[in-house]
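Here is a short report for a reader meeting this structure for the first time. Please look over the sequence and the model before reading on.

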Amino acid sequence: MVPRNLTHVSGFLLLGFSEETDLQPIIFGLFLSMYLITVFGNLLIILAVSSDSHLHTPMYFFLYNLSFVDICFTSTTIPKMLWNIQTQNKVITYEGCITQVYFFTLFVGLDDFLLMVMAYDRFVAICHPLHYKVIMSAQLCGLLVLVSWVINVLHSFLQTLMVLSLSFRREVIIPHYFCELKQLVQLACSDTFLNDMVMYFATVLLGGAPLAGILYSYSRIVSTICEISSAQGKYKAFSTCASHLSVVSLFYCTCLGVYLSSGATQSSHSSATASVMYTVVTPMLNPFIYSLRNKDIKTALKAFFRTMIKTPVVLS
C-alpha cells in the first residue's frame, strides 16, 4: 500500500519534554522566562547599536544582525511550544510544521554565518589594524550580511521543497518540541536517500566552512597576539574578541553536545532537552556575554535611558 501524503493529514503530534501534567506549569514558566529574557536582552543590544552613532562600526553592525537573528531563532519554536502547553494540545498543523522547518533551518544557518563574519572582522582588526577601515568598508559589511541571507534562504527553501516531496503515514508523532528537519526526514515512509545526501553535503559545506573560517581567523589572531611584546597590548587585543570567542565556543560546544547526545541515546526527551542548549540557552546568554564584557554597549544603554528619562512627555 502506498502511504498517504501528509497533506491529507491535519497535523503532527509533538511529544515535547514531558507528558506529566504536574510538570507542565513549571516547563511553561521556565521557557516563558527564558524567551522573554532572550527577546528583551537582544532588543537592548539592537537599541544600543541603533541609538549611539559611536557604535555604527562593522563589529556592532554584525552584532546588531546577530541579535535580530537570535530573536527570530527562538521565536520560531518557543511560542508554539508555549501555546501547546497552555492549550494542552500537542498538535501542530502540516503547514505550521513546514514553516518551522524552513525558518529554523534559515536562522540556525544565519547564526553560523554571522559568527564566521564576526570572526573575520576581528581577524582584520587585530592582524591588519592599519587597513581595517579600508578593508571593512560599509559596502563589504553589507555584502557579507546579504550573501549570508541569500545563501541560507536558498538552502532553507531547497530543504523545505525536498521535505514537501516526502510521504508520511497518516499519524506522525515527532519526538521533539518542534519540527526539526532531520527527525522529520527520518519519520518519512518514502525514500529519503536524496534528502539525506543533501543534508549531509549542506552540513559539510554550510556548517563546516564557517567553522573552518572561524578556526583559521582565530589561529591567525592568536599568532598575532603572541607577537605583541607588551602585556598590556596583548590584553587589549584579546579583550576585543573575548566576547565573540565566548559566543562561538558556547554555540559550537552546545551543537556538538546535541549531536553526540543524540548519537549516544535514543531517548526522545534527552534529545529534546539537549537541543534546548543551542536553540534557547545560547541566544539567551549572548546579550549577557556582550553587554557585561562590553563598556560601549553599557555606555550606550545608559545614555539612551538617561535621554528617555529627561525627555518631557508632550500631551496633545
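## Overall make-up

This is a predicted model. The chain holds eleven helices and three strands. Along the sequence they follow the order β-α-α-α-β-α-α-α-β-α-α-α-α-α.

The chain has 316 residues, and 45% of them are buried. Take the contacts with a separation of 6 or more: 79% of these are between residues 24 or more positions apart.

## Helices H4 and H8

Two packed helices are described by the angle between their axes and the distance between the axes. Helix H4 covers residues 94-127, and helix H8 covers residues 193-227. Their axes come within 9 Å and cross at roughly 20°. Angles under 35 degrees count as roughly parallel, so H4 is roughly parallel to H8. The crossing of H4 past H8 is left-handed.

Which residues of H4 and H8 make the contact? H4 supplies Asp112, Phe113, Leu115, Met116, Ala119, Tyr120, Arg122, Phe123, Ile126 and Cys127. H8 supplies Leu206, Gly207, Ala209, Pro210, Ile214, Ser217, Tyr218, Arg220, Ile221, Thr224 and Ile225. By class, the contact has 15 nonpolar, three polar and three charged residues.

## The disulfide

How many disulfides does a search of the whole structure find? It finds one. The disulfide joins Cys97 to Cys179, with an S to S distance of 2.1 Å. The torsion about this S-S bond is about -125°, so the disulfide is left-handed.

Where do the two cysteines lie? Cys97 is in helix H4. Cys179 is in the loop between strand S3 (173-174) and helix H7 (181-186). The pair therefore ties together parts that are 82 residues apart in sequence. Cys97 and Cys179 are both buried.

Is Cys141 buried or exposed? Cys141 has a relative accessible area of 4%. Buried means under 20%, so Cys141 is buried.

Cys189 has 29% relative accessibility. That value falls between the cut-offs of 20% and 50%, so Cys189 counts as partly exposed.

Terms used. Residues numbered from 1 in each chain as written. Predicted model: local features only at pLDDT ≥ 70, side-chain atom pairs only at ≥ 80, totals over all residues. Heavy atoms only, no water. Axes fitted to C-alpha atoms, helices over the stretch in contact; angles between N-to-C directions. Helix = DSSP H or I, 4+ residues; strand = E, 2+ residues; numbered from the N terminus. Parallel < 35°, antiparallel > 145°, perpendicular 65-115°, else oblique. Left-handed = near helix turned anticlockwise from the far one by under 90°. Contact = heavy atoms within 4.5 Å. Nonpolar A, V, L, I, M, F, W, Y, C, P; charged D, E, K, R; others polar. Disulfide = S-S within 2.5 Å. Buried < 20%, exposed > 50% of the residue type's maximum accessible area, 1.4 Å probe, protein only.
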